[in-house]
Amino acid sequence: MLDLLNDLLWGKVLIVVLIGLGLWFTIGSRFVQFRYFGRMFRILGANQAFSKDQHGHLSSFQALMLSVAGRVGGGNIAGVAVAITLGGPGAIFWMWVVGLIGMATSYFECTLAQAYKKAEPDGTYRGGPAHYIARGMGAKWGWLAALYSVLLLMTFGFGFTALQSYAVATSFEDAFGIPVLATGAVLAVVIGVILFGGVKRIAKVAEVLVPVMAIGYLLIAVGVIVLNLEQIPGVIALIVKSAFGLEPAIGGGIGAAILMGVKRGLFSNEAGLGSAPNVAAVAYVPHPANQGIVQAFSVFIDTLILCSCTAFIILLGTVYEPGAATDIGGVALTQASLASHVGEWGRVFVSIALMLFGFTTIIYNCYLGENSLSYFSDQNRPLTTAYRVVAIGLCGWGATTDLGTVFAFADVTMGFLALANLLALAMLFKPGLRIMRDYDEQIAAGIEEPVFDAKRFADLDIDPEAWVIEPEDLARNAKARLQPA
């Protein structure tokens with residue numbers, strides 16, 4: 001039954017809905033992910049992106065690293081290998097397409113999360129799909145917000161927390177011979193220390209660890225590309241030709257290339273699932289669109305950069321041969337391919353990378369679970385503490401248990417999670433466009449740093465405490481709006 005539901009949700013329904021809505025958001029926003037691509041770097045390059053405000057809220061960069069911690073995981077290493085094995089090299093092209101379209105979806109869901117966030121007494125923010133469903137769609141949709149929160153808790157807070165623990169523990173056992181019980185115990189202790197430090201400590205760990213692991217993996221891939229520079233045009237041509245069925249006997253043909261590319265791309269970057277908006281909402285930014293643009297960039301990092309790293313490592317290696325049957329798949333194919341380039345230490349490197357990716361994803365999943373509880377009970381310390389204890393226990397238990405059934409169940413709940421979020425995004429597309437146009441107008445007026453005046457959006461039920469903007473900034477922007485373009 002679980003396999004049947006997974007096939008229906010991920011093999012048919014969600015592929016159509018996610019791609020369809022992604023195209024709608026892309027065209028309706030006049031290709032916002034491309035219009036503001038350069039601005040992604042300007043926002044992250046500004047001092048404000050790395051600094052907190054006077055109340056100690058998280059920075060835009062910290063929120064970006066926290067979301068990248070969740071997006072970047074086993075899908076970037078094992079998932080890409082599976083896509084190539086079953087769909088051929090052409091699957092990578094369709095992963096790129098899904099990533100570019102998904103940037104628009106991520107922009108809107110994260111912009112809405114910022115707009116509808118609420119301020120907490122401890123100097124942090126809370127937000128996400130449950131909040132923009134409840135505040136943006138009205139009281140009659142409260143059941144959907146509650147359902148979304150329950151699905152988020154079950155999928156990421158419980159299911160994927162245990163599963164990532166299993167992946168990390170087994171990877172360490174394979175690479176270094178360390179018993180899974182030992183890894184699980186250490187993992188539980190470390191995760192506990194981080195969790196009980198709250199979202200600020202989680203963000204501090206992510207902003208250090210995520211760049212290190214992502215840049216390290218990127219450097220290895222760049223090294224492989226440099227060693228095989230003369231083969232790059234041929235590999236790119238192979239990817240493009242295979243994507244349109246122009247290469248014979250590769251994978252399962254054009255249909256398999258599209259299916260695997262789309263499916264693995266969606267699994268990897270999570271655009272549209274509603275998970276990233278939960279962390280996008282925690283940042284202090286002057287305008288919701290700022291974090292929407294930054295989070296669109298996190299999809300680009302995940303799919304267009306890191307997934308491509310794995311693809312080139314495999315396709316430039318000697319282990320995988322297009323069109324030939326292979327008994328090696330998943331992470332083993334990535335390990336063997338890297339080893340063919342740099343020697344046997346490449347296998348160990350992939351294991352360490354998978355461990356780091358899995359570790360940061362556990363932190364991210366635990367935060368999502370905690371955030372889902374906050375929708376039902378604000379500042380309920382006993383409930384939050386109970387959840388943290390359960391999450392720590394899941395890290396230890398998951399490391400020592402084969403969780404095949406749990407994985408299938410979590411995939412099903414994640415599918416329904418995505419449908420709930422996508423329904424909300426479709427219904428809130430107009431408010432999202434309105435917020436985007438406010439940002440566009442300020443940019444057109446020559447305002448270098450647009451700010452969000454919550455009073456102009458009073459009809460959207462936005463928490464004014466979450467948007468306390470300095471009076472001089474509002475006055476400067478109001479004056480600029482009156483100037484002729």
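**Side chains, rings and cysteines in a predicted model**

Tutor: The side chain of glutamine 33 makes a polar contact, at 3.2 Å, with the side chain of threonine 26. Keep in mind that this is a predicted model.

Student: Where does glutamine 33 lie, and is it buried or exposed?

Tutor: Glutamine 33 is part of helix α2, residues 32-35. Its relative accessible area is 2%, so glutamine 33 is buried.

Student: Which residues does glutamine 33 touch?

Tutor: Leaving aside residues up to four places away in sequence, glutamine 33 touches Thr26, Met40, Leu100, Ile101, Met103 and Ala104.

Student: What about phi of phenylalanine 31?

Tutor: Phi of phenylalanine 31 is near 60°, a positive value in a residue other than glycine. Most residues other than glycine have a negative phi. Phenylalanine 31 is in the loop between α1 and α2, and at 41% relative accessibility it counts as partly exposed.

Student: And what is phi of aspartate 461?

Tutor: Aspartate 461 is not a glycine either, and its phi is positive, about 60°. Aspartate 461 is found in the loop between α20 and α21. With 40% relative accessibility, aspartate 461 is partly exposed.

Student: Which glycine takes a positive phi just after α8?

Tutor: Glycine 138, with a phi of about 100°. Helix α8 itself covers residues 129-137, and its buried residues are Pro129, Ala130, His131, Tyr132, Ile133 and Met137.

Student: Rings next. How many aromatic pairs does the structure hold?

Tutor: The structure holds 25 aromatic pairs. One of them joins phenylalanine 25 and phenylalanine 108, which are 5.4 Å apart centre to centre with 45° between the planes, a tilted pair.

Student: Which parts does that pair tie together?

Tutor: Phenylalanine 25 lies in helix α1 (residues 2-28) and phenylalanine 108 in helix α7 (residues 90-115), so the pair ties together parts 83 residues apart in sequence. Phenylalanine 25 and phenylalanine 108 are both buried.

Student: What sort of pair do phenylalanine 37 and phenylalanine 300 form?

Tutor: An edge-to-face one, with 5.0 Å between the centres and 70° between the planes. That pair links helix α3 (residues 37-45), which holds phenylalanine 37, to helix α15 (residues 288-315), which holds phenylalanine 300; the two residues are 263 apart. Phenylalanine 37 is partly exposed, at 25% relative accessibility.

Student: Which residues do ring pairs link into a cluster?

Tutor: Trp24, Phe25, Tyr107, Phe108 and Phe429.

Student: What sits over the ring of tryptophan 467?

Tutor: The charged end of lysine 117, at 4.3 Å from the ring centre.

Student: Now cysteines. How many disulfides?

Tutor: The count is 0 disulfides. For cysteine 309, the nearest cysteine sulfur belongs to cysteine 307 and is 9.0 Å away. Cysteine 309 is buried, at 6% relative accessibility.

Student: Last topic: where is confidence lowest, and where highest?

Tutor: Lowest in helix α4 (residues 47-50), with a mean of 48, and highest in helix α20 (residues 429-444), at 94. The protein averages a pLDDT of 83, and 89% of the residues score at least 70.

Note on methods: Residues are numbered from 1 along each chain as its sequence is written. This is a predicted model: local features need pLDDT of at least 70, side-chain atom pairs count only at pLDDT 80 or more; totals for chains, interfaces and linings use all residues. Side-chain values use heavy atoms; hydrogens and water are left out. A disulfide is a pair of cysteine sulfur atoms within 2.5 Å. Buried means under 20% relative accessible area, exposed over 50%, partly exposed in between (1.4 Å probe, protein chains only). Helices (H or I, at least four residues) and strands (E, at least two) are DSSP runs, numbered from the N terminus. pLDDT is the predictor's confidence in each residue, from 0 to 100. Rings of Phe, Tyr and Trp (its six-membered ring) pair if their centres lie within 6.5 Å; planes under 30 degrees apart count as stacked, over 60 as edge-to-face and the rest as tilted. A charge sits over a ring if NZ of Lys or CZ of Arg is within 6 Å of the ring centre and within 35 degrees of the ring normal. A polar contact is a pair of N or O atoms within 3.5 Å; within protein, one must be able to donate a hydrogen and the other to accept it, and residues adjacent in sequence count only if both atoms are side-chain atoms. Contact means heavy atoms within 4.5 Å.
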